[in-house]
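Subject: Structure handover

Hi,

Here is the structure I promised you. Please open it next to this note; my findings follow below.

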Amino acid sequence: MTSITRRRFGQISGAGAAAATTGGLAGILASGRAPAFAQEKTVHWLRWADFVPASDVVLKGPITQQCQKDLGIKLTVETINANDIQARITSSIQSGSGPDIIMSIGNWVQLYATSLADVSDVAEPIGKEQGGYYDICKTVATYGGKWVAVPWAVGGGLVAYRKSWLAEAGSPDGFPKDWDTFRTVGKKLKANGHPIGQTAGHTFGDAPGWWYPYLWSWGGKEVEADGKTVVLNSKETIESVKFAVALWKETMDEGGLAWDDTSNNRAFLSGSIGATNNGASIYLEAKKKPDSYQTDKGTPMKDDISHAPIPGGAGGQYNLPGPFTDMVMGYSKNQDMAKKFLTWVHSKPVFEQWFTSQQGYTDGAAKGWEEHPVWKADPVMLPFKNLPNQGRLVGYAGPPSQKAAEVVTKYIVIDMYAKAIQGMKPEDSVKLAHDELVKIYGA
């Protein structure tokens, strides 16, 4: 039996399609109209299921409707669990088909840069018109001197904590600012039945959002500034792992090894934990449903929640901001329409609808949004305003490169801590992680 190659199959299929449509061509020309399937303009946009559900309602409702009216584009906004996005990106690139635009989180975009369309003509005018992008947004969204993604917003985490429980544990003036105080207060919190809740699992946001700043605060880092020389196996990193093992046992909910990005939200709102590093979604949910989420005294939980940075150490105090960007996929046959849509949706009157619905959960990707009235609406949300200016990106002290994106995607740094928490010697867990980085960085 004669085999048929994929290329030959495509040639045969194309020839058959041409033959099948020839008979209908005369009718189309005679009518003076394009066939119906060619008249509809569509854009398929894949995003995460937002931790502020009201924002997805805005995108799928008013903005989708306005897009049809203003641009004549039928917009499909598909939302999925953020932990499933990378698998979807990979399968779409491999198959050569899928959404026209896909959301990227952090520096993921670097992994797929060579499979993306150049969107410099879209990104640059938006940045200029809206006060200039934050450096972290430009860093993750550019590759080889061109923009391969359009910055959308910047997310990030702060420690949400119960003020009354912290006061009972000996910290009436707020959340601890250093690790020794954190340990002391955390012990009391856990003894009182209100442990600190943090994940050490494979989940996209809360795990790196806690453990990378924790590593940096001890003076640990993945690579030198050259972005090549791996230096994870250091005294500072080993000491951070040893301390983390003690923190986990003495202060934290030890079930956090299996948590994803929704687990700590549920635990906090149910009263099972007293503090957790998270986006503002916990507070916003408690604020939205004050009768559902209450303290043991019967008062709204929202009034007992505040936000603070992760504690610092000898290496400083940091957060891990999460730039959100939109990638126009290189396989898309609809790139011009996708770019037209992104230009439109970033215009202030349109983007503002979504930004306002976030209530401060994210910052704008451009500095002009710092002056938006949303930041004056609720003082509990104000600390999130400065996250884009206060953090580092994964891969420090090098750039958030493709290799750094591979490291965070494989959860190597998170596993370094998780393995020690589960019993591996800290020195061994650090060496194992270091060796994995060497395989990726090649140095």
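Start with strand β3, residues 101-105, which is mostly covered: five of its five residues are buried. Buried means under 20% relative accessible area, exposed over 50%, and partly exposed in between, with a 1.4 Å probe and protein chains only. Helices (H or I, at least four residues) and strands (E, at least two) are DSSP runs, numbered from the N terminus.

This is a predicted model: local features need pLDDT of at least 70, side-chain atom pairs count only at pLDDT 80 or more, and totals for chains, interfaces and linings use all residues. Residues are numbered from 1 along each chain as its sequence is written, and side-chain values use heavy atoms, with hydrogens and water left out.

Back to β3. In a regular strand the side chains alternate between the two faces of the sheet. Here I101, M103 and I105 point one way, while I102 and S104 point the other way. All are buried.

What does β3 pair with? Strand β1 (residues 41-48) runs parallel to β3, joined by two bridges. Strand β10 (residues 322-328) runs antiparallel to β3, with five bridges. Two strands pair if DSSP finds at least two bridges between them. I101 has a bridge partner in β10, V328, and I101 is also the bridge partner of W45.

Now the pockets. On a 1 Å grid over the protein atoms alone, a pocket is an open set of points where a 1.4 Å probe fits, with protein on both sides within 12 Å along at least five of seven lines; lining residues have an atom within 4 Å of a point. A volume is the space filled by probe spheres set on the points, which are joined across faces, edges and corners.

The largest pocket holds about 200 Å³. Its lining includes F51, R266, E285 and Y293. Helices α12 (263-269) and α13 (281-288) each give two or more residues to that lining.

The second largest pocket holds about 170 Å³. Among its lining residues are Y134, D135, K367 and Y396. α7 gives the most to this lining, with three residues.

Last, the whole chain. It has 19 helices and eleven strands. Its radius of gyration, taken over C-alpha atoms, is 24 Å, close to the 22 Å that the globule rule (2.2 Å times the number of residues to the power 0.38) gives for 443 residues, so the chain is as compact as a globular protein of that length. Of the 443 residues, 52% count as buried.

Best wishes
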